[in-house]
Amino acid sequence: MDLAIDSNLALLLVVGRAERGLIQRHKRLSQFSEADYELLLGFLTVADRTITTPNALSEVSNLAPYGLFEPARSRVLQSLRDLIDEVEEQFVPSRTAAALDPFDRLGLTDCAWLAVLAKGAQLVTVDDALYREALELGLDAINFHYVRATREVL
């Protein structure tokens, strides 16, 4: 199974890999805990490969060092470099993503995800709007909020 994790969860992965204690201190990860990081790792262990998009990586790159100082900042950016080396990046032209009907509601990054999911990947997301749209289109998506509430990896 190909697994796609949204930008918020990719950020959790990057920061957690750098230093788990940073999860609680990172201003963009206030909704997550170290237990959520462990749960996310469970998803990754059952995936054949992890998929991402340049759009998502750009978002993570912008958010990852946010509010951090050295040496934590460098560790987090190195963790991002490591993730980039490990994942399969799938390019969706912006013109293609913007041509999708939900573009006005979801924007470029989420529409790129929809294009990737149409090729057969499963998305794990905390973005409720993206999750609902994926399901409406018959695509494979899991709402991480639900999984963390039940603590079951689906």
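Which strand gives the most residues to the lining of the largest cavity? In this predicted model, that element is strand 2, which supplies 3 of the lining residues.

Strand 1, which spans residues 2-5, is covered on both of its faces. In a regular strand the side chains alternate between the two faces of the sheet. Here Asp 2 and Ala 4 lie on one side, Leu 3 and Ile 5 lie on the other, and each of these four residues is buried. Strand 1 is joined by 3 bridges to strand 2, formed by residues 49-52, and the two run parallel; within this pairing, Asp 2 has Arg 49 as its bridge partner. A parallel arrangement, again over 3 bridges, is also found between strand 1 and strand 4, which covers residues 122-125, and in this case Ile 5 is partnered by Val 124 of strand 4.

When the whole structure is searched, 1 cavity of 30 Å³ or more is found, and the space within the largest cavity amounts to about 40 Å³. Sorted by class, the lining comprises 6 nonpolar and 2 polar residues, while charged residues are absent from it.

Note on methods: Residues numbered from 1 in each chain as written. Predicted model: local features only at pLDDT ≥ 70, side-chain atom pairs only at ≥ 80, totals over all residues. Heavy atoms only, no water. Buried < 20%, exposed > 50% of the residue type's maximum accessible area, 1.4 Å probe, protein only. Pairing = 2+ DSSP bridges. 1 Å grid on protein atoms, 1.4 Å probe; cavity = no way out; pocket = protein on both sides within 12 Å on 5 of 7 lines; lining within 4 Å. Points joined across faces, edges and corners; volume = space filled by probe spheres on them. Nonpolar A, V, L, I, M, F, W, Y, C, P; charged D, E, K, R; others polar.
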